[in-house]
Amino acid sequence: QMQLVESGGGLAQAGGSLRLSCAASGRLDRIHTMRWYRQAPGKQRELVASITSGDSTNYLDSVKGRFTISRDNARNTVTVYLQMNNLKPEDTAVYYCNVYLGWPYSQDYWGQGTQVTVSS
């Protein structure tokens, strides 16, 4: 019901900025929440930021004040962004876009993941 295409990411120096994008198509009318997760080598995947259909946002404590999640609604696509400022080496991870569809689907969809590497 959903297709997700991620873009952005790459290499940045500590203190720099990157922006991730995730274009979602499909059952846009059933999108409940859009999220960004990340997974560093040897660590569990963690929730970085989320935005609901009502534009309520939440952030991982370690990224508050540095990362901003936002969403742009177009006719056939909803794009969720993650603006990452003041990057730190500990932000290095593969970042995944996630979309949760509400009733009647109640299902998660995942992007392919994009690598973010922050050098000190």
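Visitor: Why is T79 called buried?

Guide: This is a predicted model, and in it T79 has a relative accessible area of 12%. Buried means under 20%, so T79 gets that label. You'll find T79 in strand β8, which covers residues 78-84.

Visitor: What does T79 touch, leaving out residues up to four places away in sequence?

Guide: With those left out, T79 touches S21, C22, A23, S70, R71 and D72.

Visitor: C22 is on that list. How do you know that C22 is joined to C97 by a disulfide?

Guide: Check the sulfurs: S to S comes out at 2.2 Å, and the cut-off is within 2.5 Å, so the pair counts as a disulfide. A search of the whole structure finds 1 disulfide.

Visitor: What makes the disulfide of C22 and C97 left-handed?

Guide: The torsion about its S-S bond is about -75 degrees, so the disulfide is left-handed.

Visitor: Which parts does the pair tie together?

Guide: C22 sits in strand β3 (residues 18-26) and C97 in strand β9 (residues 93-101), so the link ties together parts 75 residues apart in sequence.

Visitor: And are these cysteines buried or exposed?

Guide: C22 has 0% relative accessibility, so C22 is buried. C97 also has a relative accessible area of 0%, so C97 is buried too.

Visitor: Now T52. Why is T52 called partly exposed?

Guide: Its relative accessible area is 23%. T52 belongs to strand β5, residues 46-52, and touches H32, T33 and R71, not counting residues up to four places away in sequence.

Note on methods. Residues numbered from 1 in each chain as written. Predicted model: local features only at pLDDT ≥ 70, side-chain atom pairs only at ≥ 80, totals over all residues. Heavy atoms only, no water. Helix = DSSP H or I, 4+ residues; strand = E, 2+ residues; numbered from the N terminus. Buried < 20%, exposed > 50% of the residue type's maximum accessible area, 1.4 Å probe, protein only. Contact = heavy atoms within 4.5 Å.
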